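Morning, everyone. I have one structure to go through today, and I will keep it short. Please have a look at it first.

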Amino acid sequence: MGKRLPMQSEKTIVDHITVGLGKIATALRSQAWEGGTARKLTPTQGQILALLADRATKAVRLNDVAGELCLTAATVSDAVTTLVEKKLVKKERSAEDRRALLLTLTAAGLLEAKQTTGWTEVVQAGVKSLTPDEQAVFLRGLTKVMHSLQEQGVVSVTRMCAGCTYFQPYVHADAVRPHHCGFVNKPLGEGQLRLDCPDYIPGGEADQARRWQEFVGGWEGR
Ligand code: SF4
């Protein structure tokens with residue numbers, strides 16, 4: 001028998017998923033860049049606009065923007081300087097802490113953000129091709145991957161249900177909506193779990209660890 005060559009099929013499912021996630025990230029970056037160049041915005045500037053649009057009613061500290069986007073404060077500061085020059089972002093000192101810089105979108109910035117965030121539509125179209133059950137499983141998988149990235153210190157705090165003080169996993173007998181959100185006081189289904197919720201409040205360390213175990217264990221025990 002001849003020498004057996006390594007085959008593509010010998011890769012694990014973990015390898016395949018990792019490659020797939022990498023391709024999705026590449027697609028998002030290229031779409032972001034295309035959208036950005038048409039409007040003369042870089043992907044970083046577009047990301048900042050999108051984040052500020054998400055918090056439309058609240059000013060966000062420059063350092064918090066850096067933390068959430070996993071960028072240095074210097075990189076964000078450079079991008080914000082350009083956005084202020086373009087009159088898309090307003091920058092001012094915090095009244096409570098004069099060292100902190102607060103960022104908000106101008107009306108023109110909000111309009112630009114709505115156009116810029118259109119780049120996610122290509123990925124949305126892909127996700128919509130999944131069945132509702134597939135979407136729920138995918139969302140749960142993403143939640144676990146995000147949790148691991150957070151534990152490894154690769155991403156800053158993700159404002160997702162599984163770490164939120166309001167989240168009560170598997171407290172309802174209803175298999176469709178087994179979780180509960182104490183903030184809105186309503187049951188939540190798997191497909192309603194948030195990965196970036198503006199109402200997220202982190203619990204204490206021990207509390208978060210317990211809640212995470214209940215979330216993971218509840219699914220495995222079904
Ligand atoms: S407040 Fe937001 S993050 Fe917290 S449990 Fe409710 S939906 Fe989830």
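This is a predicted model: local features need pLDDT of at least 70, side-chain atom pairs count only at pLDDT 80 or more; totals for chains, interfaces and linings use all residues.

The protein chain has 8 helices and 6 strands. If you read along the sequence, the order is α-α-β-α-α-β-β-α-α-α-β-β-β-α. The chain has 222 residues, and 28% of them count as buried. Take the contacts in the chain with a separation of 6 or more: 55% of these come from residues 24 or more positions apart.

Now the helix pair. Helix 2 covers residues 43-54 and helix 4 covers residues 73-85; their axes come within 9 Å and cross at roughly 80 degrees. Angles of 65 to 115 degrees count as roughly perpendicular, so helix 2 is roughly perpendicular to helix 4.

Which residues of helix 2 meet helix 4? They are Thr 44, Gln 45, Ile 48 and Leu 49. On the helix 4 side, the residues are Thr 75, Val 76, Ala 79, Val 80, Thr 82 and Leu 83. By type, the contact of helix 2 with helix 4 has 6 nonpolar residues, 4 polar and no charged.

Next, the cores. The largest nonpolar core has 19 residues, and the ones touching the most other members are Ile 48, Leu 49, Leu 52, Val 65 and Val 89. Another core lies apart from it, with 14 residues, including Cys 164, Phe 167, Cys 197 and Trp 212.

That brings me to the ligand. What surrounds the ligand? The list is Cys 161, Cys 164, Tyr 166, Phe 167, Cys 181, Phe 183, Arg 194, Cys 197 and Asp 199. This shell divides into 7 nonpolar residues, 2 charged and no polar.

Last, two loop residues. Lys 87 sits in the loop between helix 4 and strand 2 (89-93). Its phi is near 65 degrees, which is positive in a residue other than glycine. Is Lys 87 buried or exposed? Lys 87 is exposed, at a relative accessible area of 62%.

Asn 185 is in the loop between strand 5 (179-181) and strand 6 (186-188). Asn 185 also has a positive phi, near 55 degrees. With a relative accessible area of 57%, Asn 185 is exposed.

That is what I have for today.

Methods. Residues are numbered from 1 along each chain as its sequence is written. Side-chain values use heavy atoms; hydrogens and water are left out. Axes are lines fitted to C-alpha atoms, for helices over the stretch in contact, and angles run from 0 to 180 degrees between N-to-C directions. Helices (H or I, at least four residues) and strands (E, at least two) are DSSP runs, numbered from the N terminus. Angles under 35 degrees count as roughly parallel, over 145 as roughly antiparallel, 65 to 115 as roughly perpendicular and the rest as oblique. Contact means heavy atoms within 4.5 Å. Ala, Val, Leu, Ile, Met, Phe, Trp, Tyr, Cys and Pro count as nonpolar, Asp, Glu, Lys and Arg as charged, and the others, Gly among them, as polar. A residue is near a molecule or strand if one of its heavy atoms lies within 4 Å of it. A nonpolar core is a set of buried Ala, Val, Leu, Ile, Met, Phe, Trp, Tyr and Cys residues joined through side-chain atoms within 4.5 Å. Buried means under 20% relative accessible area, exposed over 50%, partly exposed in between (1.4 Å probe, protein chains only).
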